[in-house]
Amino acid sequence: MFCQIIVSATSKREAEKISGVLIKKKLIAGSLIIKGFSRYWWKGKIVKKEYYNIQAFSSMRNKLKIIAEVEKIHSDKCPIIVFIKIDGNKKFLDWIKKSIR
């Protein structure tokens, strides 16, 4: 089962580090880092902050390893790590399969 992973990072440097580690360890096939403005509840207050979202592709079998790696690096106490099951064209899915462990 293939998946899209979304991880929000607190800085460009953190996003690049997370993405780099996950790619190097072959836990993801590749990633796209997008900068955006975020607004959310934290400890009873609304926080406004800029985040970098990492969009990546992998297999659900790597879920626990990806979570462990992200949590080692991430500076937030409650990082966003989302897994969405996907389907797609054969060439794309073959690329993911060949790129990960």
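View 1. Contact means heavy atoms within 4.5 Å. The model is predicted: local features need pLDDT of at least 70, side-chain atom pairs count only at pLDDT 80 or more, and totals for chains, interfaces and linings use all residues. Numbering starts from 1 along each chain as its sequence is written, and side-chain values use heavy atoms, with hydrogens and water left out.

**View 2. The nonpolar cores.** The largest nonpolar core has 17 residues. Ile5, Val7, Ile18, Leu22, Ile66 and Val70 touch the most other members. Two or more residues come from each of S1, H1, S3, H2 and S4. S1 gives the largest share, four residues. Another core, of seven residues, lies apart from it; Phe57, Ile86, Ile96 and Ile100 are among its members. A nonpolar core is a set of buried Ala, Val, Leu, Ile, Met, Phe, Trp, Tyr and Cys residues joined through side-chain atoms within 4.5 Å. Buried means under 20% relative accessible area, exposed over 50%, partly exposed in between (1.4 Å probe, protein chains only).

**View 3. Ser19 in helix H1.** Ser19 belongs to helix H1, residues 12–24. Helices (H or I, at least four residues) and strands (E, at least two) are DSSP runs, numbered from the N terminus. Ser19 is buried, at 6% relative accessible area. Leaving aside neighbours within four places in sequence, Ser19 contacts Ile28, Ser31, Ile33 and Ile54. Ser19 and Gly30 sit 11 residues apart in sequence; their C-alpha atoms are 8.0 Å apart.

**View 4. The four-stranded sheet.** The sheet is open, with strand order S2-S3-S1-S4 and antiparallel pairing. Its edge strands are S2 (30–42) and S4 (81–86), each pairing on one side only. From one strand to the next, the twist averages 25°. Strands S1 (residues 2–9) and S3 (residues 45–59) pair in the antiparallel sense over eight bridges. Two strands pair if DSSP finds at least two bridges between them. Ala9 stands opposite Tyr52 in S3.

**View 5. Helices against the sheet.** H1 lies across S1, S2 and S3 and runs at about 130° to S2. Helix H2 (residues 63–73) packs on the sheet and touches S1, S3 and S4. The direction of H2 makes about 155° with that of S4. Axes are lines fitted to C-alpha atoms, for helices over the stretch in contact; angles run from 0 to 180 degrees between N-to-C directions.
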